[in-house]
Amino acid sequence: MGDAPTPPGDLGTEADGGVRTYTVRLELVDEPGELLDALTPIAENGGNLMSIHHERGNITPRGHIPVEVDLGCPPDRFDDIVAALRETGINVIQAGAERYGEEISVVLVGHLIETDLSDTLLAIEDETSAAVLDLSLSAPQGTGDTSSARLRLAIDSGRSEAVFDTIRSVSEEKDLTVVEPLLGGDA
Amino acid sequence: MRLAILGAGDVGRSVADLAGEYGHEVVALADSTNAVIDADGIDVEGALQRKRSDEPVGVDDPDDVFDIEYDVLVEATPTTLGDAEPGFSHVERALEADRHVVLANKGPVAERYEEMRALEADSEGSVRFEATVGGAIPALSTVEDCMPENVTAVRGVLNGTANFILTRMAAEGLDYEHVLAEAQDLGVAEADPTFDVDGTDAALKFVILANVLSDGGFALEDASVEGIQNIPGSALNLAAEDGRTIRLIGEATREGVRVGPRLVPENGPLAVTGTRNIIQIETHNAGSLHSSGRGAGGPETATAVLSDVNRLADR
């Protein structure tokens with residue numbers, strides 16, 4: 001019984017010996033209560049706080065305060081914790097081994113299926129430092145007609161222009177329309 | 001000031017109609033074939049009545065407008081691309097006669113900015129063109145008041161037709177063709193909406209802004225322009241899942257001009273709805289300034305023309 005495979009998501013069983021340590025790096029606005037807001041989703045999703053390094057004198061390029069949190073949790077809980085942090089509006093710049101500067105959405109329009117959507121995604125990930133965090137596809141006229149996809153990308157700080165150059169050239173080859181986010185200003 | 005108005009479309013007619021209210025006098029009103037000219041002031045109401053009844057606006061020759069005594073030439077003929085004629089020649093004739101020019105016509109400012117400024121430098125007259133960018137919105141005068149060298153970028157939505165279409169697509173989940181037909185029924189879109197939906201009209205305005213920021217150097221062919229014709233309703237739905245929407249956004253900097261459909265926060269300042277326009281002026285020392293309003297329409301655009309006339313009168 002003790003060696004039986006653990007059902008995924010079952011925290012009670014998994015917690016016994018299945019806990020690993022993770023580091024998340026967050027960017028917080030310098031306001032009262034921000035740190036508490038950032039820690040609540042971790043605790044509520046089964047994470048065990050181990051240490052918090054609040055780098056108060058250190059400011060990120062966007063004027064925020066970097067905070068490093070070490071926590072323990074079962075591996076299958078970690079993604080939920082990161083998702084919960086993002087839902088709270090906390091900018092997660094590093095989760096586990098991956099380091100992201102910013103998250104950016106982009107919409108692609110065209111014959112996405114016929115031009116091999118997974119190849120498009122691979123090209124974006126291979127040729128840039130971006131990671132595709134999630135994808136939402138809409139093909140109301142069927143997959144043979146024009147469809148739209150929204151990608152949420154994690155991009156290293158300061159690399160968005162290079163990432164968009166790649167997305168533009170991949171899209172041009174496949175005759176896709178790119179709807180880029182408007183960066184800059186307070187758009 | 002004595003105004004000679006070339007062009008008797010919505011804007012020219014509205015300028016004639018409102019001039020008296022702003023303390024100015026109309027001494028000529030001309031369309032491409034006919035004119036009414038009177039050095040003592042024309043009968044504006046009579047001329048507008050004739051125009052409404054599809055009669056000639058007057059019995060005079062439009063070419064004679066340049067021979068009378070006037071202070072400001074109001075150039076409100078249709079915008080043409082390439083050589084920007086006949087608008088450019090009108091500006092040239094007025095400046096050579098040492099008169100002021102107020103443009104509602106985008107052509108000369110977007111396509112032949114340096115030539116126009118060179119003519120102005122040799123003239124006693126000045127050129128102003130607030131009405132060419134964003135109708136009633138004080139876009140150029142705000143840039144001028146901030147001083148162009150302190151402005152790093154100008155962004156915004158400057159085409160009401162494209163914005164109306166995108167707004168309706170997002171709100172109703174409808175496709176482009178459907179909403180375009182509705183916009184045409186409502187009179188928001190022209191029978192041939194190409195210039196609005198392919199981004200050309202917005203691009204001309206951002207080329208003008210780039211010219212003001214850089215003191216020239218840009219024409220339409222220097223702009224990167226994409227329209228909204230390829231955007232399906234599904235793209236707007238996907239954008240909405242993420243709290244975003246799609247707008248036809250223009251950007252003018254000293255590096256260049258870009259117009260295209262872009263993702264913007266649904267509740268952000270640039271996500272104006274319907275035919276409303278917005279301009280965001282990014283400055284070195286004062287952050288971003290926003291100004292929103294009606295970017296088109298006869299009386300709205302005429303107010304921009306008449307505030308230019310007032311600025312000339314105050315010199």
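Which residue forms a salt bridge with A:Arg168? A:Glu180 does, with the closest N and O atoms 2.7 Å apart. This is a predicted model in which local features need pLDDT of at least 70 and side-chain atom pairs count only at pLDDT 80 or more, while totals for chains, interfaces and linings use all residues. Residues are numbered from 1 along each chain as its sequence is written, chains are lettered from A and ligands numbered from 1 in the order in which they are written, and side-chain values use heavy atoms, with hydrogens and water left out.

**View 1. Overview of chain A.** Chain A contains five helices and nine strands. Helices (H or I, at least four residues) and strands (E, at least two) are DSSP runs, numbered from the N terminus. Along the sequence the pattern reads α-β-α-β-β-α-β-β-β-α-β-β-α-β. Chain A has 187 residues, of which 44% count as buried. Buried means under 20% relative accessible area, exposed over 50%, and partly exposed in between (1.4 Å probe, protein chains only). Take the contacts in chain A with a separation of 6 or more: residues 24 or more positions apart account for 67% of them. A contact means heavy atoms within 4.5 Å.

**View 2. The A:Arg168 and A:Glu180 pair.** A salt bridge here is a side-chain nitrogen of Lys or Arg within 4 Å of a carboxyl oxygen of Asp or Glu. In this one, the closest N and O atoms of A:Arg168 and A:Glu180 are 2.7 Å apart. The pair links distant parts of the chain, with A:Arg168 in helix H5 of chain A and A:Glu180 in strand E9 of chain A, 12 residues apart. A:Arg168 counts as partly exposed, at 25% relative accessibility. A:Glu180 counts as buried, at 5%. Both residues belong to a salt-bridge network that links A:Glu161, A:Asp165, A:Arg168, A:Glu180 and B:Arg258.

**View 3. The A:Asp119 and A:Lys174 pair.** Over all chains, the structure holds 30 salt bridges. One of them joins the side chains of A:Asp119 and A:Lys174 at 2.7 Å, N to O. A:Asp119 lies in helix H4 (residues 117–127) of chain A and A:Lys174 in the loop between helix H5 (160–173) and strand E9 (177–181) of chain A, so the pair ties together parts that are 55 residues apart in sequence. A:Asp119 is partly exposed, with a relative accessible area of 35%. A:Lys174 is buried, at 14%.

**View 4. A salt bridge within chain B.** B:Glu182 and B:Arg168 form a salt bridge, their closest N and O atoms being 2.8 Å apart. The pair links distant parts of the chain: B:Glu182 sits in helix H8 (residues 176–186) of chain B and B:Arg168 in helix H7 (residues 160–172) of chain B, 14 residues apart. B:Glu182 is partly exposed at 23% relative accessible area. B:Arg168 is also partly exposed, at 25%.

**View 5. The interface of chain B and chain A.** The contact takes 28 residues from chain B and 25 residues from chain A. About 1,900 Å² is buried between the two chains, and carbon and sulfur atoms give 56% of that area. Buried area is the accessible area (1.4 Å probe) that two parts lose on being put together, summed over both. Three salt bridges cross the interface. B:Arg258 forms a salt bridge with A:Glu180, the closest N and O atoms being 3.0 Å apart.

**View 6. The chain B side of the interface.** Across the interface of chain B and chain A there are 11 residue pairs in polar contact (both at pLDDT 80 or more). A polar contact is a pair of N or O atoms within 3.5 Å; within protein, one must be able to donate a hydrogen and the other to accept it, and residues adjacent in sequence count only if both atoms are side-chain atoms. On the side of chain B that touches chain A, the elements giving two or more residues are helix H11 (233–241), strand E9 (244–252), strand E10 (257–265), strand E11 (276–283) and strand E12 (287–294) of chain B. E10(B) gives the largest share, six residues. The residues of this side divide into 13 nonpolar, five polar and 10 charged.

**View 7. Helix H1 of chain B.** Seven of the 10 residues of helix H1 (residues 10–19) of chain B are buried, so the helix is largely enclosed by the rest of the structure. Among the elements covering the buried residues of H1(B) are strand E1 (2–6), helix H2 (44–52) and helix H12 (298–313) of chain B.

How values were computed
Ala, Val, Leu, Ile, Met, Phe, Trp, Tyr, Cys and Pro count as nonpolar, Asp, Glu, Lys and Arg as charged, and the others, Gly among them, as polar.
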